[in-house]
Amino acid sequence: MSFEFEKDLKVEETNIPGLLVFDLPVHGDNRGWFKENWQRAKMTALGLPDFGPVQNNISFNATKGVTRGIHAEPWDKYISIAAGEIFGAWVDLRPGESFGQVYTTRLDPSKAIYVPRGVGNSFQALQDGTVYTYLVNAHWSLEQKKTYTFVNLADPELGIEWPIPLEESERSEADLHHPMLRDAKPMEPKRTLVTGCNGQLGRAVRAYAEAHGLRGFEYTDIDEFDFSDPTAYDKYDWSLYGTIINAGAYTAVDRAETAEGRPVAWKANAQGPALLARVAKDHHITLVHVSSDYVFDGTADLHSEDEAFAPLGVYGQTKAAGDIAVANAPEHYILRSSWVIGEGRNFVKTMMMLSDRVANPDDQLEQVTVVDDQYGRLTFTKDMAEAIFHLLDSHAPYGTYNLTGSGAVRNWAQIASRVFELTNGNGEKVKPISTAEYFANAKAPVSPRPEHSALDLSKIKAAGYTPADWEETLEAYVNKELGK
Ligand SMILES: NC(=O)C1=CN([C@@H]2O[C@H](COP(=O)(O)OP(=O)(O)OC[C@H]3O[C@@H](n4cnc5c(N)ncnc54)[C@H](OP(=O)(O)O)[C@@H]3O)[C@@H](O)[C@H]2O)C=CC1
Ligand SMILES: Cc1cn([C@H]2C[C@H](O)[C@@H](COP(=O)(O)OP(=O)(O)O[C@H]3O[C@@H](C)C(=O)[C@@H](O)[C@H]3O)O2)c(=O)[nH]c1=O
């Protein structure tokens, strides 16, 4: 028992990002000793990730010189010693700048180490009967085995100075044959599941990930993964996923007011996000979700993230319910947008089509009436996708962020007129009308809409992302559509 007692609980960073070494207080008396081996509250306060262990493993190392490794499995490990002492060596096998970095140290019962997923782990027992114990945050499974990665303990490039020469050590047959570092395969990052991938935002997320060469992305829409169906979750091994980007929703605002639309909207926008939030919470997955200005009644000119929900219609009610559910996932980002424009059906495309009709002498349509008493800003899906990856990559604090284009607040009639002007130079053919008049003769149910939809963008700007001016993007968008 030649280790130090009564140390202060302390954490130390290493040259490998995220690899953390702890000093543990061990209390000795006439009977032996006692320690708090892992203490979630005290250790997370010091910087240990709240990594959610699900399994505790113990390896008993009968003789001095037993050597195991170097293994990286797709989970995080918190390693400590119950009896004896080890010399440990860790090798970063994550793709990127730190690939190949090595760290070594000795561990006895007064020390512990947190090894993030993708860092190869190995040790040599320095005493007979060394008991090595570790918590992991994914269950071992055969399916995962193909994702493991290894390096050879004896690779001279690693320069590990094993206290007991490897030739004299006890090793497994498998550990003798692992590849050298130059041939080792880097650990793949955790997967990202994108839902609702065929919608406006889903397509922009995909375009961003592909343009930036991001790996491990899976794209699904309702035909493959209906996230509002509890039974659809069974086909995934969620421990393999690090992020879900939910780009799916029921967005037919007026149809949501009908008897047929209402249950579908509730299922997609409330039940679905609640199921996603549960799986995210259970598996430490970061959940990205998108909300709407329609969760507010629109009486305030500018909406901050924490304004109280007061939705006017069914769509807004279902979106508010979804936000409340998603906020229960500890690692969540909710981006709240308004008036979304991307690839797919949207207001700008409708106005371009109407502008063409008005410009066509063979068409009877002479002018278009558009409401002038709803105010807001457009949000282009390229900005939404950029903002999502900005929050994820910068590890911004979890929570809700408003995200629309920046620039002037306008009404729909002004936007329509600008689109007409850009499309055929016939902006004057848009006639402003009040919402009440516009919907006065509607044959189907119409949803009430907020008067003021503009969202305060200071929080996302403070987080380091400034969206483009939507009026400039609108011009580029229309010109691009015209060029198609
Ligand atoms: N559009 C807008 O103006 C605004 C949108 N938002 C929010 O932004 C997000 C993205 O919107 P946007 O891209 O415009 O939406 P879209 O309507 O363009 O796309 C939504 C996609 O989700 C799919 N989907 C619907 N239900 C499910 C389900 N249960 N499981 C899996 N996929 C599903 C849809 O499939 P299918 O078409 O077959 O139903 C569609 O492909 C949404 O959360 C929306 O509420 C916020 C403010 C404004
Ligand atoms: C096509 C058309 C629309 N309008 C009006 C109707 C409506 O009040 C307004 C905008 O039309 P839209 O059909 O795009 O509106 P809407 O579908 O309500 O748009 C909303 O979608 C959901 C999903 C959101 O979350 C919101 O942020 C918002 O973008 O313009 C006219 O006045 N004239 C027209 O010719």
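For "active site", the UniProt record (an unreviewed entry) lists H71 and Y134; positions from UniProt are given in the numbering used here, with feature names shortened, and such annotations may be inferred rather than shown by experiment. Although spread over 64 residues of sequence, the two cluster in space, with a largest C-alpha distance of 13.7 Å. The model is predicted, so that local features need pLDDT of at least 70 and side-chain atom pairs count only at pLDDT 80 or more, whereas totals for chains, interfaces and linings use all residues. Residues are numbered from 1 along each chain as its sequence is written, chains are lettered from A and ligands numbered from 1 in the order in which they are written, and side-chain values use heavy atoms, with hydrogens and water left out.

H71 lies in strand β6, where helices (H or I, at least four residues) and strands (E, at least two) are DSSP runs numbered from the N terminus. With a relative accessibility of 21%, H71 counts as partly exposed, a class that falls between buried (under 20% relative accessible area) and exposed (over 50%), computed with a 1.4 Å probe and protein chains only. I70 also belongs to strand β6, and the peptide bond from G69 to I70 is cis, with omega near 0 degrees.

Strand β6 is part of an open sheet of five strands, in the order β9-β8-β11-β6-β13, with antiparallel pairing; two strands are taken to pair if DSSP finds at least two bridges between them. The edges of this sheet are formed by β9 (102–107) and β13 (149–150), each of which pairs on one side only. Between β6 (residues 67–72) and β13 the antiparallel pairing extends over two bridges, and A72 has T149 of β13 as its bridge partner.

The chain as a whole contains 12 helices and 25 strands, and its C-alpha atoms fill a box of roughly 90 × 45 × 40 Å along the principal axes. Of its 484 residues, 51% count as buried. The UniProt annotation "domain: RmlD-like substrate binding", again from an unreviewed entry, covers residues 191–480; this span is 37% helix and 16% strand, and its end C-alpha atoms lie 33 Å apart.

Around ligand 2 there are 20 residues, of which S292, D293, Y294, V371 and R449 come nearest, a residue being near if one of its heavy atoms lies within 4 Å. Oxygen atoms of ligand 2 are approached by a polar side-chain atom of R449 at 2.6 Å, by a backbone N or O atom of V371 at 2.8 Å and by a polar side-chain atom of Q374 at 2.9 Å. The protein covers 81% of the 710 Å² of accessible area that ligand 2 has on its own, as computed by the Shrake-Rupley method with a 1.4 Å probe. Two or more residues of the shell are given by α7 (347–359) and by β20 (368–371), and the largest share, four residues, comes from β20.

Two non-glycine residues with positive phi are found in loops. H284, with phi of about 55 degrees, is placed between α5 (261–282) and β17 (286–292), and is partly exposed at a relative accessible area of 28%. W339, with phi of about 50 degrees, is found between β18 (332–337) and β19 (340–341), and is buried, with a relative accessible area of 7%.

How values were computed
Polar contact = N/O pair within 3.5 Å; in protein donor to acceptor, adjacent residues only side chain to side chain.
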